[in-house]
Amino acid sequence: MTRSIIKAAEWALGPEAGEGDPQAVYSALCMTCGAEAPASDDSPEHVEIWALKHTGLNPAHRQYKAMVETYWRVTPAEGNPYRELDARGA
């Protein structure tokens, strides 16, 4: 196998767009007791409802740490030799 070192190649960074991959995962952590909302894919609504219900059951628990995970992928840009390799499935 031949190995090459590419000293100058352009890359593009963008969201992971694989089939079934979420664009974002949302969660929240109660800063008073440490309770954590179940993670929710693609919409913060379930996590927001959880926080409101949690405060309803625990009126002194009013501060939350909101967490959003996103996923990125680096791909070869136009002119990068790896782009041709990716197109061939190599």
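Analyst: With a disulfide defined as a pair of cysteine sulfur atoms within 2.5 Å, the count comes to 0 disulfides. This is a predicted model, in which local features need pLDDT of at least 70 and side-chain atom pairs count only at pLDDT 80 or more, while totals for chains, interfaces and linings use all residues. Residues are numbered from 1 along each chain as its sequence is written, and side-chain values use heavy atoms, with hydrogens and water left out.

The sulfur of Cys30 has its closest cysteine sulfur in Cys33, at 3.8 Å, which is too far for a bond. Cys30 is buried, at 1% relative accessibility, whereas Cys33 is partly exposed at 44%; buried means under 20% relative accessible area, exposed over 50%, and partly exposed in between (1.4 Å probe, protein chains only).

Cys30 belongs to the largest nonpolar core, which has 8 residues, including Tyr26, Val47 and Trp50; such a core is a set of buried Ala, Val, Leu, Ile, Met, Phe, Trp, Tyr and Cys residues joined through side-chain atoms within 4.5 Å. The elements giving two or more residues to this core are β2 (24-30) and α1 (45-57), where helices (H or I, at least four residues) and strands (E, at least two) are DSSP runs numbered from the N terminus. The largest share, 4 residues, comes from β2.

β2 and β4 pair in the antiparallel sense over 7 bridges, pairing requiring at least two DSSP bridges between two strands. Ala28 has Ala66 in β4 as its bridge partner.
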